[in-house]
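Please look over the structure below before reading the notes on its helix packing and on one residue in a strand.

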Amino acid sequence: MKIFGISCRPFFRKPTLHIIDGGDHAITMNSFASVILKDTGVKIKHYETELHPQYKGVKMLRGLKEKVDNLVDEAKRGDYAAIPASAPVFVTNLEEGIREFLGRLEFLSPENLASKRKVLLTLIEGLSANKEREYPHYIDLDRQGYEHLPDLIKSINKLVDKGVNVYIPAGHPSEHIIKHIFRQTSETPYLYRFIAKGQDPEGKVKAVLENIRKTKQQRINLLGLSKAHFVTIEGLDKKDYIYGAYNSLVTDRARGVHNFSPVRDKSGKLLGYSYHDTKTPEFPYEKYGGNEEVENIVKFTGLNIRDCLADSKAHQDFKKGKINPDKIYSMNEVLSQIEIKERKLDYLGDYISADKQLVFDTNSKGEVLFQKTNCEGSERPSVVSMWGSCFSTLNKIKEDIYKSLGYNNK
């Protein structure tokens, strides 16, 4: 019996969460799962899977199938499984594949994908059945080994039929094309400002999204053809997110954006980072592998602007080439209006780093923000944008575990 899509039975034991992932992404996912499930007593088990030899973070389907097959034997009814992986393909390329290999015309759209499940499965089955023919590159975009895709989907379905609650991220169908368009027009700061502040004064984001919808420049995760929960991303307060998947294969939604806030002790020492507040070091400093990458951001972010802003003399010295790297500067005092406008620096704040590469802002409390990583669109300081439907997948699992255990969700 299923309630709210969750396999239910009287629990005499706590369920186990099985996570199939690999590399740095697996470290983040396991850290996040440990944080959000810390009060449940749920055991978390990680299964390292094969990664693409060329593309960072991309999973090979052969390895995924092997891990899912093992899980079919190991997992218990009522357990949970997260498979943060994707087998992406453009909607238009699927239409081409159906025409080329099945000899038929099909009009596909994000809205009708669920009703086209049978023909899509027929396509990938047919391509895999012909061992002499590789999947065309326009379908297997990253050469992940889509010949294993039909068997992987069948293995996922076996896991679901066993009574394991399986969750897969729906992915981000338009992320790359959105970023590409704004990068090509030198409007990337405009895009980041929209994400951080919700501002679209010239309607550029709206226009891009409408054009992508009309031209079907969207990718779908073919793992959504399985029986698993297919989870898309929500922003704060259950709002739609710019990079979300809104197609008919999606079964669930959950929050998938988290600012990564620095947490310091009373002396100012950096203890680590938090997904949820500015006081709890949910990801300890010594365990986070990206400290060097964010050191010039975390140096100021979350501190009071009074402690970071150079004084008037230092601003004058800046113009003479005497620059203090441990301070930030009011860009209107040290940069020309021409440079500010050309680089669109004022889109993301009023302050500039000593090397003129990082733009900072402040919130209503006077705390320094780095808006480029403010994926939440909140006033909470952030040094990394921790967003994605993989986070949504784990948050949805948390919601369903709380329901199954009779807890009040947090």
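This is a predicted model: local features need pLDDT of at least 70, side-chain atom pairs count only at pLDDT 80 or more; totals for chains, interfaces and linings use all residues.

**Surroundings of threonine 232**

Leaving aside neighbours within four places in sequence, threonine 232 is in contact with Ala170, Gly244, Ala245, Val250, Asp252, Arg253, Ala254 and Ser392.

*Threonine 232*

- Threonine 232 belongs to strand β9, which runs over residues 229-234.
- The relative accessibility of threonine 232 is 1%, and because buried means under 20% relative accessible area, this residue counts as buried.
- Although threonine 232 and proline 169 are 63 residues apart along the chain, their C-alpha atoms are separated by 6.3 Å.

*Helix α1*

- Helix α1 covers residues 23-36, and its 14 residues should span 20 Å at 1.5 Å a residue, which agrees with the 21 Å between its end C-alpha atoms.
- The buried residues of α1 are Ala26, Thr28, Met29, Asn30, Ser31, Phe32, Ala33, Val35 and Ile36.
- These buried residues pack against the strands β3 (16-21), β4 (43-48), β11 (257-259), β14 (283-284) and β19 (385-387), and also against helix α14 (389-405).

*Helices α2 and α5*

- The axes of α2 (residues 61-74) and α5 (residues 149-161) come within 9 Å and cross at roughly 25°; because angles under 35 degrees count as roughly parallel, that is how these two helices are described.
- The crossing of α2 with α5 is left-handed.
- On the α2 side the residues that meet α5 are Leu61, Leu64, Lys65, Val68, Asp69, Leu71 and Val72, while α5 contributes Leu149, Asp151, Leu152, Ser155, Ile156, Lys158 and Leu159.
- Sorted by class, the contact of α2 with α5 holds 9 nonpolar residues, 1 polar residue and 4 charged residues.

*Helices α6 and α8*

- The axes of α6 (residues 175-184) and α8 (residues 204-215) come within 11 Å and cross at roughly 130°, and the two helices are therefore oblique to each other.
- The crossing of α6 and α8 is right-handed.
- Ile177, Ile178, Ile181 and Phe182 of α6 make this contact with Lys204, Val205, Val208, Leu209 and Ile212 of α8.
- The residues of the contact of α6 with α8 divide into 8 nonpolar and 1 charged, with no polar residue among them.

Definitions and conventions
Residues are numbered from 1 along each chain as its sequence is written. Side-chain values use heavy atoms; hydrogens and water are left out. Axes are lines fitted to C-alpha atoms, for helices over the stretch in contact, and angles run from 0 to 180 degrees between N-to-C directions. Helices (H or I, at least four residues) and strands (E, at least two) are DSSP runs, numbered from the N terminus. Angles under 35 degrees count as roughly parallel, over 145 as roughly antiparallel, 65 to 115 as roughly perpendicular and the rest as oblique. A crossing is left-handed if the near helix is turned anticlockwise from the far one by less than a right angle, and right-handed if clockwise. Contact means heavy atoms within 4.5 Å. Ala, Val, Leu, Ile, Met, Phe, Trp, Tyr, Cys and Pro count as nonpolar, Asp, Glu, Lys and Arg as charged, and the others, Gly among them, as polar. The expected span of a helix is 1.5 Å times one less than its number of residues. Buried means under 20% relative accessible area, exposed over 50%, partly exposed in between (1.4 Å probe, protein chains only).
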